[in-house]
Amino acid sequence: MVPGTDPSAAALLYAQAYASHYETMDLVTALGAYDELITAHPVAPEAAYSRSQIMNIVNLVVPAKDLLAAHLEMVRRHIQRGED
């Protein structure tokens, strides 16, 4: 077991998030649950699965051109912070 993780708790949170995502199609609740899991159990395997599921939701909901624009803006801000 990875120190600082409770596999049963992470698995339960993941199951709840997954059910919200795919069974009830409640994407807002699913995003919150995936985020909660990542925060509470950042090194658990379920955290990695949750990151992937969040990206699945992002790619489903946000148009590609908007994602590109957001990524470009984020990179610009990070570069500018590094230059300060």
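R77 is partly exposed, at 40% relative accessible area (buried means under 20%, exposed over 50%, and partly exposed in between, using a 1.4 Å probe and protein chains only). This is a predicted model, where local features need pLDDT of at least 70 and side-chain atom pairs count only at pLDDT 80 or more, while totals for chains, interfaces and linings use all residues. Residues are numbered from 1 along each chain as its sequence is written, and side-chain values use heavy atoms, with hydrogens and water left out. With that in hand, let's walk through the salt bridges, the aromatic rings, the nonpolar core and one histidine.

**Salt bridges**

- The structure has 2 salt bridges, a salt bridge being a side-chain nitrogen of Lys or Arg within 4 Å of a carboxyl oxygen of Asp or Glu.
- R77 takes part in one of them with E73, and their closest N and O atoms are 3.9 Å apart.
- Both R77 and E73 sit in helix α4 (residues 64-83), 4 residues apart, which is about one turn of the helix. Helices here are DSSP runs (H or I, at least four residues), as strands are (E, at least two), numbered from the N terminus.
- K65 is exposed at 62% relative accessible area, whereas D66 is partly exposed at 35%.

**Aromatic rings**

- There are 4 aromatic pairs in the structure. Rings of Phe, Tyr and Trp (its six-membered ring) pair if their centres lie within 6.5 Å; planes under 30 degrees apart count as stacked, over 60 as edge-to-face and the rest as tilted.
- One of the pairs is Y14 with Y18: their ring centres are 6.0 Å apart and their planes meet at 40°, so the pair is tilted.
- Y14 and Y18 are 4 residues apart in helix α1, or about one helical turn.
- Y14 is buried, with a relative accessible area of 16%, while Y18 is partly exposed at 36%.
- Y14 also pairs with Y49 in an edge-to-face arrangement, 5.8 Å from centre to centre with 70° between the planes.
- Y49 is partly exposed, with a relative accessible area of 45%.
- Y14, Y18, Y22, Y34 and Y49 together form one aromatic cluster.

**The nonpolar core**

- The largest nonpolar core has 11 residues, among them Y14, Y34, L37 and I57. Such a core is a set of buried Ala, Val, Leu, Ile, Met, Phe, Trp, Tyr and Cys residues joined through side-chain atoms within 4.5 Å.
- Helices α1, α2 (27-40) and α3 are the elements that each give two or more residues to this core.
- Helix α2 supplies the largest share, 5 residues.
- Leaving out residues up to four places away in sequence, Y14 touches Y34, L37, E46, Y49, S50 and Q53 (contact means heavy atoms within 4.5 Å).

**A buried histidine**

- H21 is found in helix α1 (residues 7-23).
- H21 is buried, at 5% relative accessible area.
- The side chains of H21 and Y34 make a polar contact at 2.9 Å. A polar contact is a pair of N or O atoms within 3.5 Å; within protein, one must be able to donate a hydrogen and the other to accept it, and residues adjacent in sequence count only if both atoms are side-chain atoms.
- Apart from neighbours within four places in sequence, H21 is in contact with L27, A30, Y34, Q53 and I57.
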